[in-house]
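Q: Could you walk me through how to read a structure like this one? I'd like the general idea each time, then the case at hand.

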Amino acid sequence: MPESEVLHAEHHLEYPYLRSVGPVIGAFLTGLRDGTILGVRGAGGTVIVPPTEYDPITSEDTGELVEVGPAGVVETWAWVSHPLPKHPRTTPFAWALIRLDGADTAMLHAVDVDKPDGLATGDRVVARFRPAGERVGAMSDIDAFVPEASGGSRGAAGAGS
Amino acid sequence: MSTEPDVTDGGAETEGPVTTLSTPIRLDYAFTPGVAQSRFLRGLAQGKFLGQRCPKCKKVYVPSRGSCPTDGVPTTEDVELGNVGTVTTYCVVNVPFAGQSIEIPYICAQVLLDGANLSFMGLIQEIPTDQIRMGMRVEAVWVEPDELSPSLASVRYFRPNGEPDADYDTFKEYL
């Protein structure tokens, strides 16, 4: 090896955390694996999505789980022109806060559109689930949201992207 | 070399309620050794331990950082060390951990090469773990010549070389 060659090595450091999710987030993730999106009823009957164990305003225990979506309204969004390795998509996409039908809060997820012109605040989008066999009980079980006009997929129906 | 983390690893529950979520935290970085460390690493690729001597205090550092931490002067004189050294202190690893590549129990020791004034960490093999001791004389076992690389992986491990233990006074400064 010539002295002029600069030595170089790739190093990786990883902490393999495995978190306990608890009864409410656990139910939410189980729902995603089943192709459904669950919220929880908080104080005053508001529906919180993703669900929490406690009402974020009153700190009271939350109540029953309710199914929401799979479509909803884009409340606000940001365009990602250069996705990073940890992003859920390899091509440009939008991060969006989506208030799902039946929910009173917005949930963050990716919207799959080709360019920023294809999305506007107030647009209706729908979840596109991964195929049933690929779902593991994680946020990524929803592959992305897509404009409602182009159609999503009810995960429970087993359809894929 | 790069493998993307599998976020489902250990976290996927395909039946029953989901109770856990795998959330690995990962740092990828590119390491470029400087001039001094590159010299040491290139030495390893030739099956040699290369150090440097301080022109003021005459201490020999291996690996050298290119300067003497005591005198603050550049180390310019290259020194080739031998294959033999002394265990100054050690730890027997009995606890498994994620990413472990060596079968437990194993011995992790600080080895002071003959002629050096700085010890470095090495794996000790070919001895039961309950027989390791401070002062034990050891020798490096290198990989096959065609497997040598500019990495400490070129040294497979150290093993006892059969010499009588070193006297405590010869290494007490290096603990």
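**Strands across the chains**

Q: Which strand of chain B pairs with E2(A), and in which sense?

A: Two strands pair if DSSP finds at least two bridges between them. Here E2(A) pairs with strand E1 (residues 20–22) of chain B, in the antiparallel sense, over three bridges. Within that strand, E1(B), Leu21(B) stands opposite Arg19(A).

This is a predicted model, where local features need pLDDT of at least 70 and side-chain atom pairs count only at pLDDT 80 or more, while totals for chains, interfaces and linings use all residues. Residues are numbered from 1 along each chain as its sequence is written, and chains are lettered from A and ligands numbered from 1 in the order in which they are written.

Q: How many residues does each chain bring to the contact?

A: Residues are in contact if their C-beta atoms, placed from the backbone, lie within 7 Å. Chain A brings 24 residues and chain B brings 32. On the side of chain A, the elements giving two or more residues are strand E1 (9–15), strand E2 (18–20) and helix H1 (22–33). E1(A) gives the most, with seven residues.

Q: And what does chain A contain in terms of helices and strands?

A: Chain A has one helix and ten strands, in the order β-β-α-β-β-β-β-β-β-β-β along the sequence.

Methods. Two residues are in contact if their C-beta atoms, placed from the backbone, lie within 7 Å. Helices (H or I, at least four residues) and strands (E, at least two) are DSSP runs, numbered from the N terminus.
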